[in-house]
Amino acid sequence: MSRFCVYLGSREGQDPQFLEAARQLGTELAQRGHGLVYGGARVGLMGELADAVMAAGGEAIGVMPDHLVEREQAHHGLTELVRVRNMHDRKASMAAHADAFIVLPGGIGTLEEFFEAWTWHYLGLHDKPIGVLDTAGFYAPLLAFLDNTVEHGFLNGRTRAELVDATEPDELLDALEARLATAG
């Protein structure tokens with residue numbers, strides 16, 4: 001079983017396709033025998049994803065700093081809820097538990113986590129595949145920006161190519177599983 005660390009919003013967003021994509025990804029992860037590692041929240045896309053994994057019989061590990069648990073944001077119906085001291089420990093724990101990374105729609109926290117995981121890959125701190133689920137074109141401007149950074153010489157084309165993107169959860173999982181198979 002591989003575990004996928006998923007970064008995504010603690011809000012639902014305005015487009016119902018975001019919730020549906022989170023549900024589809026969660027169901028697909030569990031049906032393929034993969035585990036979920038995520039930020040541990042019961043709200044927003046995060047809660048929908050975890051609920052879908054659990055409903056399909058999968059493993060869901062949440063990692064949450066104490067201060068957020070105390071604000072009653074934690075999902076207490078998970079396989080495991082790992083409590084950590086702070087956000088830095090959260091990101092390190094999530095990465096340590098994961099074999100691959102996926103990014104769904106979210107805000108600045110999601111983007112920060114995504115870019116840190118990708119930067120760690122670039123620096124050789126891990127060789128875990130990273131994928132972006134571009135639901136309803138949410139990440140299309142970011143992906144175009146990243147292509148633009150290659151065109152302008154600020155990002156190596158090989159580094160950009162390490163980032164997998166797809167518009168459907170099953171397509172993204174297929175691509176990431178293929179990379180996991182060649183890495184292992």
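Helices (H or I, at least four residues) and strands (E, at least two) are taken here as DSSP runs, numbered from the N terminus. On that basis the protein has 8 helices and 7 strands. This is a predicted model, so to speak of local features a pLDDT of at least 70 is needed, side-chain atom pairs count only at pLDDT 80 or more, and totals for chains, interfaces and linings use all residues. Residues are numbered from 1 along each chain as its sequence is written, and side-chain values use heavy atoms, with hydrogens and water left out.

Overall dimensions come next. Along the principal axes, the C-alpha atoms fill a box of roughly 45 × 35 × 30 Å. Buried residues (under 20% relative accessible area, against over 50% for exposed and in between for partly exposed, with a 1.4 Å probe and protein chains only) make up 48% of the 184. With contact meaning heavy atoms within 4.5 Å, residues 24 or more positions apart account for 69% of the contacts with a separation of 6 or more.

As for the surface, the protein exposes about 8,800 Å², and carbon and sulfur atoms supply 50% of that area; the Shrake-Rupley method with a 1.4 Å probe was used, and for residues only the protein chains shown count as cover. There are 14 positive and 27 negative side chains, and the centres of the two sets lie 6 Å apart. Lys and Arg count as positive and Asp and Glu as negative, while His and the chain ends are not counted; each charge is placed at NZ of Lys, CZ of Arg, CG of Asp or CD of Glu.

Now for the inside. A nonpolar core is a set of buried Ala, Val, Leu, Ile, Met, Phe, Trp, Tyr and Cys residues joined through side-chain atoms within 4.5 Å. The largest one holds 33 residues, of which Phe4, Val6, Leu25, Leu36, Ile102 and Leu104 touch the most other members. Helix α1 (residues 16-31) gives this core its largest share, 6 residues. A second, separate core of 23 residues includes Val82, Val103, Leu142 and Leu163. Beyond four places in sequence, Leu104 touches Val6, Tyr7, Leu8, Ala22, Leu25, Thr110, Leu133 and Tyr139.

Ala136 sits in the loop between β6 (130-133) and α6 (140-151) and is partly exposed at 45% relative accessibility. Its phi is near 55°, a positive value in a residue other than glycine. Most residues other than glycine have a negative phi. Gln17, in helix α1, is also partly exposed, with a relative accessible area of 44%. Gln17 and Ala136 are 119 residues apart along the chain, yet their C-alpha atoms are separated by 6.8 Å; leaving out residues up to four places away, Gln17 touches Thr135 and Ala136.

Thr159 belongs to helix α7 (residues 157-161) and is buried at 13%. From Thr159 to Ala136 it is 23 residues in sequence and 25 Å in space, C-alpha to C-alpha. Setting aside neighbours within four places, Thr159 is in contact with Trp118 and Tyr122. Ser2, in the segment before β1 (3-7), counts as buried at 18% relative accessibility, and beyond four places in sequence Ser2 touches His34, Gly35, Asp99 and Leu180.
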